Amino acid sequence: MKLTVVIPTYNEAENVPKLIPALRRALEGIDYELLFVDDDSPDGTWRIVEEEQRKDARVRLLRRVGRRGLGSAIVEGIRAARGEFVVVMDADFQHPPELVPLLLREAERGAEVVVASRYRQGGGVRGWSLARRVISWGASLLAYLLLGEARKTSDPVSGFFLVKRGLNMEGVEGRGYKVLLEILAANPGAKVAEVPYVFSPRAAGRSKLGARDIADYALQVIWLSRPLRFALVGASGVLVNLGSMALLLSLGLPVDLASLTAIELSIAWNFSLHELWTFGSGFSRGVLRRYLGYHASVLAGALTQYLVMRLLYTLLSLNPLLGQLIGVFAGFLLNYALSRSLVWR
Ligand SMILES: Nc1nc2c(ncn2[C@@H]2O[C@H](COP(=O)(O)OP(=O)(O)OP(=O)(O)O)[C@@H](O)[C@H]2O)c(=O)[nH]1
Ligand SMILES: [Mg+2]
């Protein structure tokens, strides 16, 4: 089968009866299936899909009972897809059905991910309030700043996209509702293409996007961003450092010994978390070499921190605490760059 169209639905009973014929028209001549992933919609959307399924074997229903979430619905749909290519789209006509064959065409030319983009020449949004524009723009900016993979597309938060089956889906869980970002992060080498489109107002029914989704999104980006994971681990290391030093001092250890032991403990702590979480190499081969290399990068980072503070203090008479803070930042950047390029590569 050439194509699976995954359509997550929640209370879309008004839209689905129109969407199916529209997709049928758009996909004439293509071997496809329409896979609806419905979270047991109270308005009976799943019942409508079930009826259609009886008449047309190309319509499939995945009804999830007792679970909700746009992201996880999309991921489950992609995993259950039988097509060589999988398009994900909304049910409310904000994503024009006529665009699906254009996404497919780009994929057949060799792209592994094809993004329907609102921010490409020829694309746009209709009928959005200023607030909604600002939120969407802020979401894209956040992704751009924090995730290198997001920079491969002009619309990294698009909910309308195609993926080739066989892409790496490991770790793609649909935690936030922007599954495209997770897929891009899990496939840094993927070839990405774009097709512009105009996002129109919802045809019928009500929006399910809320403040909770926006917060989830921010968490998702943080989770996916390696520099931020690195920084969070570093911050936890400061606590380990100070905590163990206090403990050792209370046990009567001399100051120098307590300090050095605490430093080494925090380095070991950070290193372990970087292995398991930030870089995910999980103590695989070469762990000893990486452990030593990490010491070198930490040392270089600490030295940078001190030099930056000292320079700012001597040359500009900057408040030493402020200098130290800027130094921490500079040291962090160097530490991250060295760790990434030399230790975990
Ligand atoms: N299965 C499932 N689908 C969902 C869920 N939440 C939203 N959807 C569907 O996902 C698609 C996008 O949701 P929308 O509410 O349209 O979100 P949006 O497009 O960002 O917001 P609007 O512009 O107001 O429409 C629609 O087809 C919804 O029916 C959910 O929890 N589970
Ligand atoms: Mg919508």
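I take buried to mean under 20% relative accessible area, exposed over 50% and partly exposed in between, with a 1.4 Å probe and protein chains only.

**Set-up.** This is a predicted model, where local features need pLDDT of at least 70, side-chain atom pairs count only at pLDDT 80 or more, and totals for chains, interfaces and linings use all residues. Residues are numbered from 1 along each chain as its sequence is written, chains are lettered from A and ligands numbered from 1 in the order written, and side-chain values use heavy atoms, with hydrogens and water left out.

**Whole chain.** I counted eleven helices and nine strands in the protein chain. These are DSSP runs numbered from the N terminus: helices are H or I with at least four residues, strands are E with at least two. The C-alpha atoms fill a box of roughly 80 × 40 × 40 Å along the principal axes. Of the 345 residues, 44% are buried. I then looked at contacts (heavy atoms within 4.5 Å). Among those between residues at least 6 apart in sequence, 73% join residues at least 24 apart.

**Aromatic pairs.** I searched the whole structure and found 14 aromatic pairs. Rings of Phe, Tyr and Trp (its six-membered ring) pair if their centres lie within 6.5 Å; planes under 30 degrees apart are stacked, over 60 edge-to-face, the rest tilted. I picked out Phe230 and Tyr336, an edge-to-face pair with 5.1 Å centre to centre and 70° between the planes. Phe230 is in helix H8 (residues 226–250) and Tyr336 in helix H11 (residues 320–343), so the pair ties together parts 106 residues apart in sequence. Phe230 is buried, at 4% relative accessibility. Tyr336 is buried too, with a relative accessible area of 10%.

**Charges over rings.** My criterion was NZ of Lys or CZ of Arg within 6 Å of the ring centre and within 35 degrees of the ring normal. Arg68 lies over the face of Tyr10, 3.6 Å from the ring centre. Arg229 has its charged end over the ring of Trp277, 5.9 Å from the centre.

**Ser140.** I looked up Ser140 in helix H5 (residues 130–146). Ser140 has a relative accessible area of 8%, so I logged it as buried. Leaving aside neighbours within four places in sequence, Ser140 contacts Tyr119, Pro156, Val157 and Tyr217.
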